Amino acid sequence: LSSNNSYATVGFSAISTESQGLIAYGFDFSDIPSSALITGILVEVERKEGEASDNLFTSHIQLMVEGTLVGGNRAFVSMALGATEWTTADVYESWGSSTDTWNIGLTRADVQALGVYFQASMDATGDGSGTGSIDHIRVTITYRLPGTAISLPIGGWSTGPLPSNPTRWPLILPTVDEEATVLTPRELWFA
């Protein structure tokens, strides 16, 4: 659960081989409100290779919900296609962002059962043997809370009750696009 130099390690004995899958789950997202709209998922894996000549890279990173793979593999499938070789020092590699939903519409319930599937490979230029180690997997969920939709002649959002017989319609609008954050300044306008 933390970056503590307690590793899950896999050994490679041949070039162009892929490790067994590592599944991480048990992330605690209980503080996310039930009405939250998931706007982004960031997955970070702290990893390293044993020696520079090992030529290891991440070959598979994918989300799981209740043990089932969802969305697509976010890793490059070979170093020739753009995968980054691991270093011999602990380094975080990341996929996704605060605005990337991985092309899947996750709900709060899905996030409670979220897991990460991970695999590493040894590139064809590797020396034929080596080790890869994972120290920490971190998942960050970004969300926003929905406004209360109201029916107005020109549309808008309200955060509270409207007057019973207004002469002008009050609108409470975000001052910036609120996709990436929960706390957004708002302005009161009259239509």
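**Exercise 1.** What does the accessible surface of the protein come to, and what share of it belongs to carbon and sulfur atoms?

*Solution.* The model is predicted: local features need pLDDT of at least 70, side-chain atom pairs count only at pLDDT 80 or more, and totals for chains, interfaces and linings use all residues. Residues are numbered from 1 along each chain as its sequence is written, and side-chain values use heavy atoms, with hydrogens and water left out. The accessible surface (Shrake-Rupley method, 1.4 Å probe) comes to about 10500 Å². Carbon and sulfur atoms hold 54% of that surface.

**Exercise 2.** Describe the order of the secondary structure elements.

*Solution.* Helices (H or I, at least four residues) and strands (E, at least two) are DSSP runs, numbered from the N terminus.

**Exercise 3.** Is Thr-58 buried or exposed, and which side chains make polar contacts with its side chain?

*Solution.* Step one: Thr-58 belongs to strand β4, residues 56-65.

Step two: buried means under 20% relative accessible area, exposed over 50%, and partly exposed in between (1.4 Å probe, protein chains only). Thr-58 has a value of 3%, so Thr-58 is buried. Of the 191 residues of the protein, 37% count as buried.

Step three: a polar contact is a pair of N or O atoms within 3.5 Å; within protein, one must be able to donate a hydrogen and the other to accept it, and residues adjacent in sequence count only if both atoms are side-chain atoms. The Thr-58 side chain has such a contact with the side chain of Trp-86 at 3.1 Å and with that of Glu-93 at 2.8 Å.
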